[in-house]
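Let's take a walk through a protein fold together. Have the sequence and the 3D view ready as you read.

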Amino acid sequence: MPKKLIISTLVAVALAISGLLAAASPFTLRSAQFSEGKNLPLSMVYRGYGCTGNNISPELNWSGEPAGTKSYAITFFDPDASTGVGWWHWTIFNIPGNVHKLAANVGKPGTNLAPSGSKQGYTDYGNSEYGGPCPPPGDSHGYVFTIYALNVNSLPIGSEATGAMLNVSMKEHILAKATLKGRYGQ
């Protein structure tokens with residue numbers, strides 16, 4: 001094969017590969033209610049303990065998951081809580097791999113908005129449902145939504161599972177994760 005033809009073939013292959021890599025989008029998590037690093041709206045804030053929000057879980061959507069994703073898990077966590085170990089506000093897992101969006105208020109039991117087969121885990125509020133931000137007056141906390149793309153259809157845990165139990169259960173099954181961070185203070 002002539003040297004010129006080999007070089008042009010290699011260049012074409014390199015361009016094709018770089019085009020495929022550029023076309024692959026990163027795994028991302030988004031919400032219509034807030035943007036990365038911005039303040040969380042009052043609709044998401046807890047109602048109780050002196051907080052006057054509506055306690056509605058936000059609409060979340062995601063894309064760019066890796067090949068082989070069979071299910072998702074989502075956590076909502078406050079690493080700034082004064083407990084020393086953070087505060088679990090919400091977990092939802094066993095979300096089918098063909099789902100790419102959760103509607104607002106999915107975190108409220110009885111709404112029938114959660115995807116079929118999904119489960120909500122036990123939070124630090126003492127229940128298995130969404131619990132919004134409610135930091136002490138004068139404090140501003142960071143809040144982190146994390147979505148995990150998993151290589152299993154479901155995890156062998158139920159709604160009694162805490163955030164820590166969820167993390168242990170999915171540890172060996174995580175293909176990718178994406179975060180969306182917000183802030184809230186009273």
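Here is a short tour, from the overall layout to a few local details.

## Ground rules

This is a predicted model, in which local features need pLDDT of at least 70 and side-chain atom pairs count only at pLDDT 80 or more, while totals for chains, interfaces and linings use all residues. Residues are numbered from 1 along each chain as its sequence is written, and side-chain values use heavy atoms, with hydrogens and water left out.

## Overall layout

The chain has two helices and 10 strands; helices (H or I, at least four residues) and strands (E, at least two) are DSSP runs, numbered from the N terminus. Along the sequence the order is α-β-β-β-β-β-β-β-β-β-α-β. Of the contacts (heavy atoms within 4.5 Å) between residues at least 6 apart in sequence, 73% join residues at least 24 apart.

Of the 186 residues in the chain, 41% are buried. Buried means under 20% relative accessible area, exposed over 50%, and partly exposed in between, with a 1.4 Å probe and protein chains only. The chain exposes about 9600 Å², and carbon and sulfur atoms supply 58% of that area; accessible areas come from the Shrake-Rupley method with a 1.4 Å probe, and for residues only the protein chains shown count as cover.

## The nonpolar cores

In soluble globular proteins, nonpolar side chains tend to be buried together. A nonpolar core here is a set of buried Ala, Val, Leu, Ile, Met, Phe, Trp, Tyr and Cys residues joined through side-chain atoms within 4.5 Å. The largest one has 30 residues, and Trp62, Ile74, Trp90 and Phe145 have the most contacts inside it. Two or more residues each come from strand 4 (60-63), strand 5, strand 6, strand 9 and strand 10. Phenylalanine 145 touches residues well beyond its sequence neighbours within four places, including Leu29, Met44, Ile74, Trp90 and Leu180.

A second, separate core has 10 residues, among them Ala73, Leu150, Val152 and Leu155.

## Aromatic pairs

The structure holds 12 aromatic pairs. Rings of Phe, Tyr and Trp (its six-membered ring) pair if their centres lie within 6.5 Å; planes under 30 degrees apart count as stacked, over 60 as edge-to-face and the rest as tilted. Tyrosine 46 and tyrosine 125 are stacked, because their ring centres are 4.0 Å apart and their planes are at 5 degrees. Tyrosine 46 is buried at 15% relative accessible area, and tyrosine 125 is buried at 14%.

Tryptophan 90 and tyrosine 130 form an edge-to-face pair, with centres 5.5 Å apart and planes at 85 degrees. Tryptophan 90 lies in strand 6 (residues 87-96) and tyrosine 130 in the loop between strand 8 and strand 9, so the pair ties together parts 40 residues apart in sequence. Both residues are buried. Ring pairs also join them with Phe34, Phe76, Tyr143 and Phe145 in a cluster.

Asparagine 94 is in strand 6 and is buried, with 5% relative accessibility. A polar atom of the asparagine 94 side chain lies 2.7 Å from the backbone nitrogen of leucine 155. Beyond its neighbours within four places in sequence, the contacts of asparagine 94 include Tyr72, Gly117 and Asn153.

In helix 2 (residues 163-170), the buried residues are Gly163, Leu166, Ser169 and Met170. Seen down the helix axis, they fall within an arc of 120 degrees, so they line one face; the arc is that of the directions from the axis to the C-beta atoms. They pack against strand 5 (71-78), strand 6, strand 9 and strand 10 (174-185).

Definitions and conventions: Polar contact = N/O pair within 3.5 Å; in protein donor to acceptor, adjacent residues only side chain to side chain.
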